[in-house]
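Thank you all for coming; please bring the sequence and the structure up on your screens. I will go through a few places one after another, and you are welcome to stop me along the way.

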Amino acid sequence: MTLTLGAISFDCSDALRTATFWAAALDRPLDEGSTDEFSSIGLKQPTPGVAAWLFARVPEARQAKNRAHPDLIAADRAAEVARLVSLGASVVAEHDEFEIQWTVLRDVESNEFCVAGAH
């Protein structure tokens, strides 16, 4: 048996707001019919080999640091971090370990994610 990644899912208080941020961040279109209850990127028109991103409204607020998060790669990490901040992300920390440099950020709902430089 072989598993493949089908989607990355986010619980959030406003699915449309969070999905709109990620659609801009990933330069991918928001799926038609997205709402503040449920929104998606790449679910209705999948791209082979590329995971869909799903956003579902839940009643409870996030209470702690996420245990899993997306790690993204950028050819120009500083420029990409600046672009993401202009979209509403906030920088949490900068790291330089294991011969990798990366920035930890939070999206518009405080979900953490990382952007590393291409190596």
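This is a predicted model: local features need pLDDT of at least 70, side-chain atom pairs count only at pLDDT 80 or more; totals for chains, interfaces and linings use all residues.

Trp102, if we leave aside its neighbours within four places in sequence, is in contact with Arg77, Ala93, Glu94, His95, Glu97, Cys114, Val115 and Ala116. Trp102 has its place in strand 6, and because its relative accessibility is 17%, Trp102 counts as buried. As for distances along the fold, the C-alpha atoms of Trp102 and Ala15 are separated by 27 Å, with the two residues standing 87 places apart along the chain.

Let me stay with strand 6 and turn to its pairing. Strand 5, which covers residues 90–97, is joined to strand 6, residues 100–106, by seven bridges, and the two strands run antiparallel. Glu97 has Ile100, in strand 6, as its bridge partner. The two strands form a hairpin with two residues between them, and Phe98 in the turn has a positive phi of about 55°. Glu99, in the loop between strand 5 and strand 6, has a phi near 65°, which is again a positive value in a residue other than glycine. With a relative accessible area of 75%, Glu99 is exposed.

And what joins strand 6 to strand 7? Five bridges do, and here too the strands run antiparallel.

Is Leu105 buried or exposed? Leu105 is buried, because its relative accessible area is 0%. Its contacts, once the neighbours within four places in sequence are left aside, are Val81, Leu84, Val85, Ala89, Ser90, Val91, Val92, Asn111, Glu112, Phe113 and Val115. The C-alpha atoms of Leu105 and Ala61, on the other hand, are separated by 18 Å, the two residues being 44 places apart along the chain.

Leu105 brings us to the largest nonpolar core, which has 19 residues, and those that touch the most other members are Phe21, Trp22, Phe55, Leu84, Leu105, Phe113 and Val115. The elements that contribute two or more residues to this core are strand 1 (7–12), helix 1, strand 3 (52–57), helix 2 (77–86) and strand 7 (112–117). Helix 1 gives the most, with six residues. If you click on Phe113, you will find that, apart from neighbours within four places in sequence, Phe113 is in contact with residues including Phe21, Trp22, Leu84 and Leu105, as well as His69, Pro70 and Leu72.

Thr18 counts as buried because its relative accessibility is 0%. Beyond its neighbours within four places in sequence, Thr18 is in contact with Cys12, Phe55, Asp107, Val108, Glu109 and Asn111.

Two of those names, Cys12 and Asn111, come up again at the largest pocket, whose volume is about 320 Å³. This pocket is lined by 18 residues, and the closest to its centre are Phe10, Asp11, Cys12, Arg62 and Asn111. Sorted by class, the lining has eight nonpolar, six polar and four charged residues.

Finally, a word on the loop between helix 1 and strand 2 (38–41), where Asp27 has its place. Asp27 has a phi near 55°, a positive value in a residue other than glycine, and because its relative accessibility is 71%, Asp27 counts as exposed. Glu32 lies in this loop between helix 1 and strand 2 as well, and Glu32 is exposed, with a relative accessible area of 71%. From Glu32 to Leu43, which are 11 residues apart along the chain, the C-alpha atoms are separated by 9.9 Å.

That is where I will stop, and I am glad to take your questions.

Definitions and conventions. Residues are numbered from 1 along each chain as its sequence is written. Side-chain values use heavy atoms; hydrogens and water are left out. Buried means under 20% relative accessible area, exposed over 50%, partly exposed in between (1.4 Å probe, protein chains only). Contact means heavy atoms within 4.5 Å. On a 1 Å grid over the protein atoms alone, a cavity is a set of points where a 1.4 Å probe fits but cannot get out, and a pocket is an open set with protein on both sides within 12 Å along at least five of seven lines; lining residues have an atom within 4 Å of a point. Grid points are joined across faces, edges and corners, and a volume is the space filled by probe spheres set on the points. Ala, Val, Leu, Ile, Met, Phe, Trp, Tyr, Cys and Pro count as nonpolar, Asp, Glu, Lys and Arg as charged, and the others, Gly among them, as polar. A nonpolar core is a set of buried Ala, Val, Leu, Ile, Met, Phe, Trp, Tyr and Cys residues joined through side-chain atoms within 4.5 Å. Helices (H or I, at least four residues) and strands (E, at least two) are DSSP runs, numbered from the N terminus. Two strands pair if DSSP finds at least two bridges between them.
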